[in-house]
Amino acid sequence: MQLQGTILFGHEFDLIEGTITIENGRISHIEEEANSSTDIILPAFINSHTHIGDSIAKDAGSGLSLDDLVAPPDGLKHRLLAAATPDDLISQMRKSINLMESTGVAAFADFREGGVDGVNMLQKAHSNSNVDAIVLGRETIDVLDIADGFGASGSRDSDFTHERQSTKTANKLFGIHAGERDKTDIETALALEPDFVVHMVHPTSEHLDHLQNTNTPVVICPRSNIVTGVGLPPIEDLLCHTTIALGTDNVMLNSPSLFREMAFVSKLFDIDPREILRMATSSGATIFDLNYGILEPDREAKILVLDGDSNNLSGSSDIISSIVRRASPSDIKQVYL
Ligand SMILES: [Zn+2]
C-alpha cells in the first residue's frame, strides 16, 4: 500500500513531495520523489479530551453556568445522562465515534461517566471501530478493572488520593480537570502527580513552573472554555512550559472536530500553525504513549489524506496554515487507520 503527495514529514512537518509505503499497518518507507499528486498527507488527529456520553444532550442548557451545566452530581448533563436509556447512550456515542473517524481522528481519550456500566457502554459503542479509544472511567475505582485509567472531575469535588494511588498500582492513567473556572483547585490537583491535567485556564506562574518541573502535560479545550464562560487558557505561556494537546471536551457543548478546534485556536492566538497542528497530533501521542501522530518510518500508519486541489484548499500558499485555519471534513480524501 502506498500513498503519494505532499507529506508532512516528522515532528516539524517538513513538506516533502514523495511516497509513503505501508506494510502490515506500519510506515515502512518514506521516499522523497517528484509526483503529480495534489494530495496532502498528514498524521491522523488525536482528540485528547472528550466526554462522548453527553452525545445524547447536544446543545442542551444554553446559557447555564459551568456548575449548572456539567458539575456532578446534579448538573444538567448528569441529569440527562441518568435519564437516558443505555441503548440510546450507546447509539449516540457510536455516532460520535463514527464522526471522529470520518473527520480524521485516530484516537480519543474520554472521561466516561457512570462508573463500570458507563465504561462498558462506551466499549460497546466502540466495538468494531477503527479509532482507538482511551477510556478513563469515573465515580468508582472499580473502573480500573476494565478502563485505561481514572478521569477525575476535579479536586474540589473529592479527595482523589486513593484513586491516584490505585492507578499507580495498576499502572494505568490518572487525569484530572484543574483550573477550569479559577485557580483554586490547581495546587491540590498537581499534588496528586497526575499523568496529565485538563483545562488550565487559570494557572499562576508557580503552577506553570510546577508543570515544567514535573513534566506534566496539559490538555486544553478552548472552545469548551468559551462556551462555559470561564475564559481562555494562556496557551503561549503553557507552551513555554510543557506539552500541550487539544481536546474538544463535552459533545454536549461542541462537535468533536479537531478541524474546528485548530481553527478556533489559530484565530484567537498568535501561535505558529505547526505548533497548533502538533497539539492535534503528536502531543496527544506523547501523553497517551501512542506510536503515531508523526509520519516517519516505524510508526503505526494512522494517516489523513486531504485533497489539496479541493475548492477550499486549492491555491494555498502555506499548506500547514491552510490545514489549521481553513481545512474541513469536506477536504478529506481518505482516513487511513
Ligand atoms: Zn472534561
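Is V265 buried or exposed? In this predicted model, V265 has a relative accessible area of 0% and is therefore buried, since the limit for that class is under 20%. The residue belongs to helix 10, which runs over residues 258-268. Once its neighbours within four places in sequence are set aside, V265 is in contact with P222, I235, L246, I271 and I276. A further relation to the chain around it is given by L232, which is 33 residues away in sequence and whose C-alpha atom is separated from that of V265 by 9.9 Å.

With that residue as a point of entry, the overall division of the chain can be set out. The domain assignment gives a domain 1 made of residues 2-44 together with 292-336, and a domain 2 covering 45-288. The centres of the two domains, taken over C-alpha atoms, are separated by 27 Å, and the contact between them involves 23 residues of domain 1 and 23 residues of domain 2.

For strand 2 (residues 14-23) and strand 3 the sense is antiparallel, with six bridges between them, and G18 has E32, in strand 3, as its bridge partner.

The loop that leads from strand 1 (2-9) to strand 2 holds F13, a residue that has a positive phi of about 55° although it is not a glycine. With a relative accessible area of 1%, F13 is buried. For context, most residues other than glycine have a negative phi, and most peptide bonds are trans. M200 lies in the loop between strand 10 and helix 7 (205-214), and its relative accessible area of 0% makes it buried. The peptide bond from P72 to P73, in turn, is cis, with omega near 0°, and P73 is placed in the loop between helix 1 (66-70) and helix 2 (76-83).

The zinc ion is coordinated by H49, H51 and H177, each through NE2, and by D249 through OD, at 2.0 to 2.6 Å. Along the chain these donors follow the spacing H-x1-H-x125-H-x71-D. H177 is in strand 9 (residues 173-178) and D249 in strand 13 (residues 249-250), so this pair ties together parts that are 72 residues apart in sequence. What makes the arrangement irregular is the set of angles subtended by the four donor atoms around the zinc ion, which run from 86 to 161°; a tetrahedral assignment would require all angles to lie between 85 and 135 degrees. H177 counts as buried at 7% relative accessibility, and D249 is buried as well, with a relative accessible area of 2%.

Leaving aside neighbours within four places in sequence, the residues in contact with H199 include H177 and D249, and among the others are A178, E180, V218, C221, S224 and N225. At 1% relative accessibility, H199 counts as buried.

R223 lies in helix 8 (residues 222-227) and, at 8% relative accessibility, counts as buried. Beyond its neighbours within four places in sequence, R223 is in contact with T248, N254, S255, S257, R260, E261 and F264. S129, by comparison, is found in the loop between helix 4 (115-126) and strand 7 (132-137), and its relative accessibility of 19% counts as buried because the class takes in values under 20%. Not counting residues up to four places away in sequence, S129 touches I97 and E101; from C-alpha to C-alpha, S129 and I97 are 7.7 Å apart in space, while in sequence they are 32 residues apart.

Key. Residues numbered from 1 in each chain as written. Predicted model: local features only at pLDDT ≥ 70, side-chain atom pairs only at ≥ 80, totals over all residues. Heavy atoms only, no water. Donors = N, O, S within 2.8 Å, 3.2 Å for Na, K, Ca; no water. Tetrahedral: all angles 85-135°; square planar, octahedral: opposite > 155°, others 65-115°. Helix = DSSP H or I, 4+ residues; strand = E, 2+ residues; numbered from the N terminus. Buried < 20%, exposed > 50% of the residue type's maximum accessible area, 1.4 Å probe, protein only. Pairing = 2+ DSSP bridges. Domains from an automatic or database assignment. Contact = heavy atoms within 4.5 Å.
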